[in-house]
Amino acid sequence: MKTLIAYATKTGTAEKCARMLAERIPGATLADLRTEKPNPAPYDQVIVGGSVRMGSLHVDARQYLEGAKSILLQKRLGVFLCAGFAEKADAILENNVDAELRAHALQCECFGGEIDMGKLRGFERLITKMALRSFKDEGGAEMPHLFPERIEAFAAKFAEE
């Protein structure tokens, strides 16, 4: 089964997750949506993912989902998010991914997220520091992190049997 894994990332977490998926789905093709917009038509299944900043899915992932919607509705579809605060994933999906695509998707999942302050600049760095400070002040149990078990389970749904 031909699989496309298309992702858009700002600091590399969505790419890291896409590569982890590709390792588990034989023959998967990776595409960075910041630099290319592959035609999904030749693929049997398409997985689209991206990073989330301040509640918004990466613009390139969002535009790809919207622009290829008619084709994606004919494919086995998966959508993944990389979001530091995974508990907000349902709202993020609802606000950023078309309802018809969400309903059609075999799987929509948040893989969690990572925060690398060294890759953030300016206003985004300031806001992230404030959010993390607030998170700690409110007794947040754990810092944002990836959930490898979610990636494994997601990949298993798309791996050829």
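Predicted model: local features only at pLDDT ≥ 70, side-chain atom pairs only at ≥ 80, totals over all residues.
**Reading salt bridges and burial in this model**

Reader: How should I read a salt bridge, and how many salt bridges does the rule count?

Author: As a general idea, side chains of opposite charge can pair when their charged atoms come close. The rule applied here asks for a side-chain nitrogen of Lys or Arg within 4 Å of a carboxyl oxygen of Asp or Glu, and by this rule the count comes to 8 salt bridges.

Reader: Which side chain meets that of R24 in a salt bridge?

Author: The partner is E152, at 2.5 Å from N to O. Because E152 lies in helix α7 (residues 148-158) and R24 in helix α1 (residues 13-24), the pair ties together parts that are 128 residues apart in sequence; helices (H or I, at least four residues) and strands (E, at least two) are DSSP runs, numbered from the N terminus. E152 is partly exposed, with a relative accessible area of 41%, and a network of salt bridges links E23, R24 and E152.

Reader: Where in the chain do D60 and K37 lie, the pair that also meets in a salt bridge?

Author: Their side chains meet at 3.7 Å, N to O, and the pair links distant parts of the chain, with D60 in helix α2 (residues 59-67) and K37 in the loop between β2 (29-32) and β3 (45-53), 23 residues apart. D60 counts as buried at 15% relative accessibility, whereas K37 is partly exposed, with a relative accessible area of 45%.

Reader: Turning to a residue in a strand, is S51 buried or exposed, and which residues does S51 touch?

Author: S51 has its place in strand β3 and counts as buried, at 6% relative accessibility. Contact means heavy atoms within 4.5 Å; leaving aside residues up to four places away in sequence, S51 touches A8, T9, K10, A14, S56, L57, H58 and C82.

Technical notes
Residues numbered from 1 in each chain as written. Heavy atoms only, no water. Buried < 20%, exposed > 50% of the residue type's maximum accessible area, 1.4 Å probe, protein only.
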